[in-house]
Amino acid sequence: MSSTAGQVIKCKAAVVWEAGKPLVIEEVEVAPPQKMEVRLKILFTSLCHTDVYFWEGKDCGERRRGVTELVQSDHVLPVFKGECGDRAHCKSEESNMCSLLEDQHDRGVMINDEKPRFSIKGKPIYHFVGTSTFSEYTVVHAGCVAKINPLAPLDKVCVLSCGISTGLGATLNVAKPKKGSSVAIFGLGTIGLAEPLFGASRVIGVDLNPSRFEEAKRFGVTEFVNPKDHNKKVQEVIVEMTDGGVDRSVECTGNVDAMISAFECVHDGWGVAVLVGVPHKDAIFKTPPMNFLNERTLKGTFFGNYKPRSHLPSVVEMYMNKELEVEKFITHEVSFL
Ligand SMILES: [Zn+2]
């Protein structure tokens with residue numbers, strides 16, 4: 001145990017005092033971890049295009065009772081999704097929706113005592129999506145920590161904590177395109193661009209922003225459709241282009257109309273559409289039920305169905321085995337302080 005074990009650590013963190021206000025670097029106090037929690041030293045973190053934060057930490061400085069799988073100096077990726085290992089979803093092979101560690105986006109506090117571990121001169125500072133990696137030290141639930149290969153370069157694999165794994169898992173675990181199949185990707189951000197890495201021979205990118213098309217070619221997207229260029233529905237355009245529809249589609253924007261298009265553009269008989277983007281809470285998905293009877297399938301997934309502790313280490317191994325390139329997703333590197 002390091003000399004700071006059980007002590008409050010003072011360090012720098014980027015704090016948002018009010019929604020929409022810029023991040024401010026402050027000195028924060030980071031309380032020691034409680035039951036089933038770990039305090040991490042953050043060496044690298046990342047920020048994605050769509051303002052979703054990716055994370056990476058290293059150096060599991062300290063663990064508390066109940067935490068048996070981590071030791072000091074382990075290299076880890078903190079993840080916004082948890083895996084307690086005990087509840088029904090965690091025991092199911094089919095789901096990563098841990099019911100204990102859901103809703104971290106709204107929580108802002110640790111589940112053990114409903115309090116944050118961060119403070120400034122005694123004033124509580126709330127956590128962000130269960131990880132809070134814009135801080136030199138953070139405290140997270142042990143269920144949100146994936147222990148990874150210590151040889152993996154942390155400045156690269158930190159981007160696997162969120163968007164890339166989401167896109168990858170949506171393809172490998174959920175859409176499962178057969179080799180040589182056709183895939184439509186709605187939304188060419190990080191998640192969308194992580195999709196076509198495997199298997200598909202024809203990849204149709206759909207985006208309202210044509211400036212993304214050139215970049216997307218480097219990621220394996222072969223054709224582009226801008227819905228603004230057509231006076232018919234984008235699903236009709238894709239069905240015509242592909243003689244009946246694509247084999248798989250993945251929706252990454254969260255726009256409900258794009259979700260409907262993504263479903264209606266898959267081929268009858270075998271087509272599978274996967275929803276990845278998070279919709280507005282009041283959005284309603286509407287499609288003629290005949291589309292289902294005609295043997296189209298609609299699925300949805302969070303974090304590509306990956307359980308963070310069980311599966312993320314193997315995603316890191318894919319990178320280590322050169323089966324997955326993450327460098328091309330990294331556009332800028334800046335120092336934290
Ligand atoms: Zn669980």
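Residues are numbered from 1 along each chain as the sequence is written, and side-chain values use heavy atoms, with hydrogens and water left out. Because the model is predicted, local features need pLDDT of at least 70 and side-chain atom pairs count only at pLDDT 80 or more, whereas totals for chains, interfaces and linings use all residues.

The secondary structure of the protein comes to 10 helices and 17 strands, where helices (H or I, at least four residues) and strands (E, at least two) are DSSP runs numbered from the N terminus. The radius of gyration is 21 Å, close to the 20 Å that the globule rule gives for 337 residues, so the protein is as compact as a globular protein of that length; the radius is taken over C-alpha atoms, and the rule is 2.2 Å times the number of residues to the power 0.38. Along the principal axes, the C-alpha trace spans about 65 × 40 × 40 Å.

Of the 337 residues, 50% count as buried, a term that stands for under 20% relative accessible area, while exposed stands for over 50% and partly exposed for what lies in between (1.4 Å probe, protein chains only). The protein exposes about 16,400 Å², of which carbon and sulfur atoms supply 52%; accessible areas come from the Shrake-Rupley method with a 1.4 Å probe, and for residues only the protein chains shown count as cover. There are 39 positive and 43 negative side chains, and the centres of the two sets lie 4 Å apart. In this count Lys and Arg are positive and Asp and Glu negative, with His and the chain ends not counted, and each charge is placed at NZ of Lys, CZ of Arg, CG of Asp or CD of Glu.

The zinc ion is coordinated at 2.3 Å by the SG atoms of Cys 84, Cys 90 and Cys 98, and these donor residues follow the spacing C-x5-C-x7-C in sequence. Donors are N, O and S atoms within 2.8 Å of the metal (3.2 Å for Na, K and Ca), and since water is not among the atoms, sites may look incomplete. Both Cys 90 and Cys 98 are buried.

Helix 8, which covers residues 256-264, is mostly covered, with 7 of its 9 residues buried. The buried residues are Ala 258, Met 259, Ile 260, Ser 261, Ala 262, Phe 263 and Glu 264, and what covers them includes strand 12 (182-186), helix 7 (234-241), strand 15 (248-251), strand 16 (272-275), helix 9 (290-293) and strand 17 (297-300). Within helix 8, Ile 260 has a relative accessible area of 13% and is therefore buried. Leaving aside neighbours within four places in sequence, Ile 260 is in contact with Gln 235, Phe 285 and Lys 286; Leu 298, which is 38 residues away in sequence, lies 9.9 Å from Ile 260, C-alpha to C-alpha.

Thr 166 belongs to helix 4 (residues 163-175) and is buried, because its relative accessible area is 6%. Not counting residues up to four places away in sequence, Thr 166 touches Ile 191, Val 276, Phe 303 and Gly 304. In the loop between helix 4 and strand 12 sits Lys 176, whose phi is near 45°, a positive value in a residue other than glycine. Most residues other than glycine have a negative phi. Met 36, also not a glycine, has a positive phi of about 60°; Met 36 is found in the loop between strand 2 (24-30) and strand 3 (37-41) and is partly exposed, with a relative accessible area of 28%.

Ile 25 has its place in strand 2 and is partly exposed, since its relative accessible area is 39%. Setting aside neighbours within four places in sequence, Ile 25 is in contact with Lys 12, Ala 13, Ala 14, Phe 336 and Leu 337. Val 15, 10 residues away in sequence, is 6.2 Å from Ile 25, C-alpha to C-alpha. Glu 333, in the segment after helix 10 (308-320), is exposed, with a relative accessible area of 62%, and its C-alpha atom is separated by 28 Å from that of Ser 119, 214 residues apart along the chain.

Technical notes. Contact means heavy atoms within 4.5 Å.
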